[in-house]
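Open the model in your viewer and keep the selection tool at hand. The tour goes stop by stop.

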Amino acid sequence: MNKEKVTFACVKIAKQYEHEVSFTPPYHCELQPIEGIWSVVKGEVAHSGPHPNLLSVRNTLLNAFKKKITSQVIIGFWRRALKNAKEYLEFDDNAQLMDEDFDEYDNSDEDCVI
């Protein structure tokens with residue numbers, strides 16, 4: 001509440017072209033693809049056993065990102081987030097879909113999520 005409100009460049013650009021930007025709740029596991037990616041990476045760290053120090057944890061995180069997070073995984077989490085957002089919109093009579101290209105990214109039922 002006391003924080004200074006920051007206007008992001010993407011919002012300014014969108015307003016220039018008379019678009020509206022809608023935000024999802026931060027850290028929402030169903031609407032933020034990064035939360036799914038982090039779950040994969042953190043799971044790798046948890047399954048790799050005890051770590052003697054933070055350097056070992058960092059190296060395990062980096063290796064998990066390199067080996068487990070591919071473009072297909074990212075696209076899978078993105079599609080899942082879009083699908084969940086659409087479902088939320090269907091249940092909310094007051095919500096409106098602002099982007100006509102929304103369906104363009106969700107034409108496949110094929111999720112490539114781990």
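A helix crossing is left-handed if the near helix is turned anticlockwise from the far one by less than a right angle, and right-handed if clockwise. Keep that rule for the helix pairs below.

This is a predicted model: local features need pLDDT of at least 70, side-chain atom pairs count only at pLDDT 80 or more, and totals for chains, interfaces and linings use all residues. Residues are numbered from 1 along each chain as its sequence is written, and side-chain values use heavy atoms, with hydrogens and water left out.

**Whole chain**

Color by secondary structure. The protein chain has four helices and zero strands, in the order α-α-α-α along the sequence. Helices (H or I, at least four residues) and strands (E, at least two) are DSSP runs, numbered from the N terminus. Of the 114 residues in the protein chain, 20% are buried. Buried means under 20% relative accessible area, exposed over 50%, and partly exposed in between (1.4 Å probe, protein chains only).

**Helices α2 and α4**

Select residues 33-47 for α2 and residues 71-91 for α4. Their axes come within 8 Å and cross at roughly 135°. That angle makes α2 oblique to α4. The crossing of α2 and α4 is right-handed. Axes here are lines fitted to C-alpha atoms, for helices over the stretch in contact, and angles run from 0 to 180 degrees between N-to-C directions. Angles under 35 degrees count as roughly parallel, over 145 as roughly antiparallel, 65 to 115 as roughly perpendicular, and the rest as oblique.

**Helices α2 and α3**

The α2 and α3 axes come within 9 Å, crossing at roughly 125°. The two helices are therefore oblique to each other. α2 passes α3 in a right-handed crossing.

Now pick A64 in helix α3. Is A64 buried or exposed? At 4% relative accessibility, A64 counts as buried.

**The salt bridge**

Show the side chains of K68 and E44. They meet in a salt bridge at 3.8 Å, N to O. A salt bridge here is a side-chain nitrogen of Lys or Arg within 4 Å of a carboxyl oxygen of Asp or Glu. The count by this rule is one salt bridge. Side chains of opposite charge can pair when their charged atoms come close. K68 is partly exposed at 30% relative accessibility. E44 is partly exposed too, with a relative accessible area of 30%.

Which residues here have positive phi without being glycine? E18 has a phi of about 60°, and Y27 has one near 65°. E18 lies in the loop between α1 and α2, and Y27 lies in that loop too. E18 is exposed, with a relative accessible area of 76%. Y27 is exposed at 69%.

Finish on F8, in the segment before α1 (9-16). F8 counts as partly exposed, at 49% relative accessibility.
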